[in-house]
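Biologist: Please walk me through this structure, and take it slowly.

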Amino acid sequence: MSVQTLNQTFSYHLQIASFDIPTPLTYPVFIMGLLLYLFSIFCNLTIMLLIITQRTLHKPMFYILFSLPLNDLLGISSMLPRVLSDIVMQTHSVYYPTCVFQAFLCHMYGGAVLFVLAAMSIDRYFAICKPLQYPSIMTPFTLCVIISAAWGLDMAMILTLFALQSRVKRCKAYILNIYCDNPSLLRLSCGEDLTTNNIYGLAMTAVMQIISVGIQLFSYINILVICIINRQSDTKSKAVNTCVAQLVTFLLFELTSTFVILSYRFQNIPPNAQKLCGMMIYLLLPIINPIIYGMKTKDIRTAFFMVVRKKKIAFK
């Protein structure tokens, strides 16, 4: 069969790996996954709606923070619904265009986590290190530039990644992962040279990490210095309360990513455990982030309870 015929054959339908779940456990696993998904959707939407509707949250910090729950919704929705449907339906197949779209969204999510956290650290740097100049620095125009740069740089890098992937001819029709990503799509190739794709993928990951880590290190080291120099307890408290949530999110993302990479290097890990590890990048932060920011960010917590009290009064 010619390469052209093979490409036509595999244009739409691909087989995809899935969890090996005993039949009696299928629906309990599905219900547990669905509850986690609904919890994440509810919590992240709640934070987004609070930022939109509550005037007390109409501040530069929260306009930038808005991108975080938005990205969490993007991440968990790009992966979990398809996996859950496959657990119940047992189809183990996916359309190729849908697979590419899922892979694109998954990679967008990963890059956006890094860039949004970097943008948030810039805001915290100006707020704590340059409090008097903060209102004049963080103008609506500056906010638009920072938010657009975070999302625009991420999209440009991921679009280039998939533009390179689209040139690869396909001769296989089996996705080895339980969700689609760029490495899985490249494994469908006809054995051609993928050096350019691999080099760009590694370089892109390195650039994302360098930009994000570099900006955050600069911001938080300067904030730490200000805390040490300024012995006023309220300044230290402000710095800790506004920065600790972002640092926890960043560390969780980096640790989860490292754990997932390592899990694929050990052959003695059970297949189901390995697949679950691969999902953790898209599950952990979208579920935990709303809890972290709801607990550690006083303004969000206050706004939430204010809305709850208003609803209670309205229903009396």
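Modeller: A word on naming comes before anything else: helices here are DSSP runs of H or I with at least four residues, strands are runs of E with at least two, and both are numbered from the N terminus. Please also keep in mind that this is a predicted model.

Biologist: Fine. How many helices and strands are there in the protein?

Modeller: The protein has 12 helices and 3 strands, and its C-alpha trace spans about 75 × 50 × 35 Å along the principal axes. Of its 316 residues, 44% count as buried. Among contacts with a separation of 6 or more, 80% come from residues 24 or more positions apart.

Biologist: Let's go to pockets. What volume does the largest pocket have, and which residues lie nearest its centre?

Modeller: The volume of the largest pocket is about 1400 Å³. Its lining is made up of 39 residues, and those nearest the centre are His107, Asp181, Pro183, Ile261 and Ile281. The elements that each give two or more residues to this lining are H5, helix H7 (140-166), helix H8 (182-186), helix H9 (195-229), helix H10 (233-263) and helix H11 (271-296).

Biologist: Which helix gives the most to that lining?

Modeller: That is H9, which gives 8 residues to the lining of the largest pocket.

Biologist: I'd like more on Tyr293. What does Tyr293 touch?

Modeller: Leaving out residues up to four places away in sequence, Tyr293 touches Ile47, Leu65, Leu68, Leu117, Met120, Ala245, Gln246, Thr249 and Ile300. Tyr293 also matters to the next topic, the nonpolar core: the largest one has 79 residues, and Met79 and Tyr293 are the members that touch the most others in it. Helix H5 (residues 96-129) gives the most to this core, with 20 residues.

Biologist: Pick a residue in H5, say Ser121. Buried or exposed?

Modeller: Ser121, which is found in helix H5, has a relative accessible area of 0%, and because anything under 20% counts as buried, Ser121 is buried. Beyond its neighbours within four places in sequence, Ser121 is in contact with Ile215, Gln216, Ser219, Tyr220 and Gln246.

Biologist: Last topic, the strands. In what order do the 3 strands sit in the open sheet?

Modeller: The order is E2-E1-E3, in an open sheet with mixed pairing. Strand E2 (93-95) and strand E3 (174-175) are the edge strands, each pairing on one side only. E1 and E2 run antiparallel and are joined by 3 bridges, whereas strand E1 (residues 13-16) and E3 run parallel, with 2 bridges between them.

Biologist: Which residues make up the covered face of E1, and which the uncovered one?

Modeller: Leu14 and Ile16 form the covered face of E1, while His13 and Gln15 form the uncovered one. In a regular strand, side chains alternate between the two faces of the sheet.

Biologist: Which strands does H5 lie across?

Modeller: H5 lies across E1, E2 and E3, and runs at about 85° to E2.

Terms used:
Residues are numbered from 1 along each chain as its sequence is written. This is a predicted model: local features need pLDDT of at least 70, side-chain atom pairs count only at pLDDT 80 or more; totals for chains, interfaces and linings use all residues. Side-chain values use heavy atoms; hydrogens and water are left out. A nonpolar core is a set of buried Ala, Val, Leu, Ile, Met, Phe, Trp, Tyr and Cys residues joined through side-chain atoms within 4.5 Å. Buried means under 20% relative accessible area, exposed over 50%, partly exposed in between (1.4 Å probe, protein chains only). Contact means heavy atoms within 4.5 Å. Two strands pair if DSSP finds at least two bridges between them. Axes are lines fitted to C-alpha atoms, for helices over the stretch in contact, and angles run from 0 to 180 degrees between N-to-C directions. On a 1 Å grid over the protein atoms alone, a cavity is a set of points where a 1.4 Å probe fits but cannot get out, and a pocket is an open set with protein on both sides within 12 Å along at least five of seven lines; lining residues have an atom within 4 Å of a point. Grid points are joined across faces, edges and corners, and a volume is the space filled by probe spheres set on the points.
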